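Thanks, everyone. Let me put the model on the screen, and then we'll walk through it.

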Amino acid sequence: LFSYNTMIAGLMRYGDVDGAKQVFHEMRVRDVVSWNTMIVGYVHNSMIDEALCLFHQMPVRNTISWNTILSGLLHFRSFDVAECFFREMPAKDIASWTIMISGLMSQGQVSEARELFEEMPEKDIRVWNTLIAGYVENERIEMAESLFVKMPQKDSNSWNELIDGLVGTHRLNDAVRFFSEMVQRNPRSWNSILLGLARNRLVKQAHAFFEKNPFKDIISWTNMIVGYFELGESEPALELFEMAPDRDETLWNATIFRLGENDRGEEGLKLFIKMRAEGMNPDHATFTSVMNICSMLPSLDFGKQAHGQVIKVGLDCFVAVCNAVITMYSRCGSIHAAYMVFSHMASRDTISWNSVICGFSHHGNGMESLKLFKQMRLRDVKPD
RNA sequence: AUCUGUCUGUAUUCUGCG
């Protein structure tokens, strides 16, 4: 039982939902953990319907089952549905409240979240951290600070969240001050400081921290590289890129994109080719960057070729990728190709509409733009 | 590492400021 459950969890984490399902069905006995593991897996793979289906089928449910569904509803359904569910839960623990508070916070309902927090029968350090993170998310850093002072115990997450908030509001001196006072600095603490400095044009200071950082990881490298690029210092950025002990997709993507931003689009495309040669799998962010470069150069040939690859690897299910493809075609002079992509998209967001509308108007076709704008308002898309 | 809650790096449209 234990090893079956472990297998399911592993497969789900890897994204192999079908494999997990198969193992689950092969099991002769299942416990509540098996069921929960499946539900969690479905939620993590954005399959809320399947999660709900299993939830209703399972013979015994515990608080973890309920909490998992609650969190799934918040992420993939409306807040109101989740709230009903929360009210109807037979038993709630601290995690249930925490999930709701986090949901309210991400909706911007800061005072409602606070009320719920005050109503809680008991609290732990994680719900305090959740509240702090919520204030930070909603740019209420002064509230985060006062909570931080008030909370009965703090862990490194509490410190890190506060530091993130200070960084996010550009209070770098305060961020560094808290960082220095911190006892349990972990990789994330260092990276938050690096991010704060490097992305606010203080790359030199960031570099000093980078050198001192005992936990230099790939995120640290990425922060430094992007920081240099943002100052227009491509050379040190590229040197760091070459020196980095590991390169993951994000680092490749960041470097490719930033080369484009620094008017070195051809080199960006070369790097994209190298990325594939080195066996990395370009992802949706890679292709949005590549398309962006092709739009700027412009290079219809490369763009077309990359579009072919997008389709081949199935990344055209990402709205952002298709949006970038639309812009690529339209800036490369093929407004019709752009429109074809737009009209074949399974789902569109505001940016899709904006991209194709702007495309037509840049081509001097104001009539078509207006027509699309009218259509847009007939759909349930809000113009911005 | 058998199951739930907070947490760091990259990307797509337009506009404005630089």
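Start with S220. At 0% relative accessibility, S220 counts as buried, and buried here means under 20% relative accessible area, exposed over 50%, partly exposed in between, with a 1.4 Å probe and protein chains only. S220 sits in helix α15. Helices are DSSP runs of H or I of at least four residues, strands are E runs of at least two, and both are numbered from the N terminus.

Before going on, the ground rules. This is a predicted model, where local features need pLDDT of at least 70 and side-chain atom pairs count only at pLDDT 80 or more, while totals for chains, interfaces and linings use all residues. Residues are numbered from 1 along each chain as its sequence is written, chains are lettered from A and ligands numbered from 1 in the order written, and side-chain values use heavy atoms, with hydrogens and water left out.

Back to S220. What does S220 touch, leaving aside neighbours within four places in sequence? The list is N191, L194, F210, N213 and F215. Contact means heavy atoms within 4.5 Å. S299 is another matter: S220 and S299 are 79 residues apart in sequence, and their C-alpha atoms are 33 Å apart in space.

Helix α14 covers residues 203-212, and helix α15 covers residues 218-230. Their axes are 10 Å apart, and the packing angle is about 160°. Axes are lines fitted to C-alpha atoms, for helices over the stretch in contact, and angles run from 0 to 180 degrees between N-to-C directions. So α14 and α15 are roughly antiparallel, a label for angles over 145 degrees; under 35 is roughly parallel, 65 to 115 roughly perpendicular, and the rest oblique. The crossing of α14 past α15 is left-handed: the near helix is turned anticlockwise from the far one by less than a right angle.

Which residues make the α14 to α15 contact? From α14, we have V203, K204, A206, H207 and F210. From α15, S220, W221, M224, G227 and Y228 meet them. By class, that contact has six nonpolar, three polar and one charged residues.

Stay in α15 for T222. T222 is buried too, with a relative accessible area of 13%. Beyond four places in sequence, T222 is in contact with L251 and A254.

Both of those are among the buried residues of α17. Helix α17 runs over residues 249-261, 13 residues in total. From first C-alpha to last, α17 reaches 18 Å, close to the 18 Å expected at 1.5 Å a residue. That expected span is 1.5 Å times one less than the number of residues. The buried set in α17 also includes W252, I256 and R258. What covers them? The cover for the buried residues of α17 includes α15, α16 (234-243), α18 (265-277) and α19 (284-296). Just after α17, D263 takes a positive phi of about 60°.

One more site: W35, in helix α3, residues 32-44. At 10% relative accessibility, W35 counts as buried. Its contacts beyond four places include F24, R30 and L54.

Finally, the whole chain. Chain A has 24 helices and zero strands. Of its 384 residues, 46% count as buried.

Definitions and conventions
Nonpolar A, V, L, I, M, F, W, Y, C, P; charged D, E, K, R; others polar.
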